[in-house]
Amino acid sequence: MDISAASLSALSHGRIAGEVSVRVARAALDAQESQGEQMVSLLRGAAEFAAREGERARTGLGDTLDVEA
């Protein structure tokens, strides 16, 4: 097998394309991980809110609003 400039160039382009694909995939994975962490945070916040609302319903606190005109 003869090594030519064209074959070396094709090999180099293939290697670069592979490296780019890996970096793009890593960036996409990082973005998905970040979104997952944000969703967990939102769910925890919703659970805490629901727990507070449940406590208010049980105790009756926060049922009325006193205002003066």
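This is a predicted model: local features need pLDDT of at least 70, side-chain atom pairs count only at pLDDT 80 or more; totals for chains, interfaces and linings use all residues.
Reader: What share of the residues is buried?

Author: Buried residues make up 0% of the 69 residues in the protein. To be called buried, a residue needs a relative accessible area under 20%.

Reader: Which residues make the nonpolar surface patch?

Author: Ile 3, Leu 8 and Leu 11 make it, and the patch has an area of about 350 Å². Leu 11 lies in helix α1. This leucine counts as exposed because its relative accessibility is 57%, and exposed means over 50%.

Reader: Now the charges, please! How many salt bridges are there in the whole structure?

Author: Here is the general idea: side chains of opposite charge can pair when their charged atoms come close. A search of the whole structure finds 2 salt bridges. In one of them, Glu 19 pairs with Arg 15, with 3.5 Å between the closest N and O atoms. In another, Arg 26 pairs with Asp 30, and the closest N and O atoms are 2.7 Å apart.

Reader: Why are Arg 26 and Asp 30 separated by about one helical turn?

Author: Because they are 4 residues apart in helix α1. Glu 19 and Arg 15 are also 4 residues apart in helix α1, so about one helical turn separates them.

Reader: Are Arg 15 and Glu 19 exposed or partly exposed?

Author: Arg 15 is exposed, at 53%, while Glu 19 is partly exposed, at 39% relative accessibility. In the other pair, Arg 26 is partly exposed at 43%, and Asp 30 is partly exposed at 35%.

Definitions and conventions. Residues are numbered from 1 along each chain as its sequence is written. Side-chain values use heavy atoms; hydrogens and water are left out. Patches are made of residues with over 30% relative accessible area and no salt bridge: like charges are joined within 9 Å, nonpolar side chains (Val, Leu, Ile, Met, Phe, Trp, Tyr) within 5 Å. Accessible areas come from the Shrake-Rupley method with a 1.4 Å probe; for residues, only the protein chains shown count as cover. A salt bridge is a side-chain nitrogen of Lys or Arg within 4 Å of a carboxyl oxygen of Asp or Glu. Helices (H or I, at least four residues) and strands (E, at least two) are DSSP runs, numbered from the N terminus. Buried means under 20% relative accessible area, exposed over 50%, partly exposed in between (1.4 Å probe, protein chains only).
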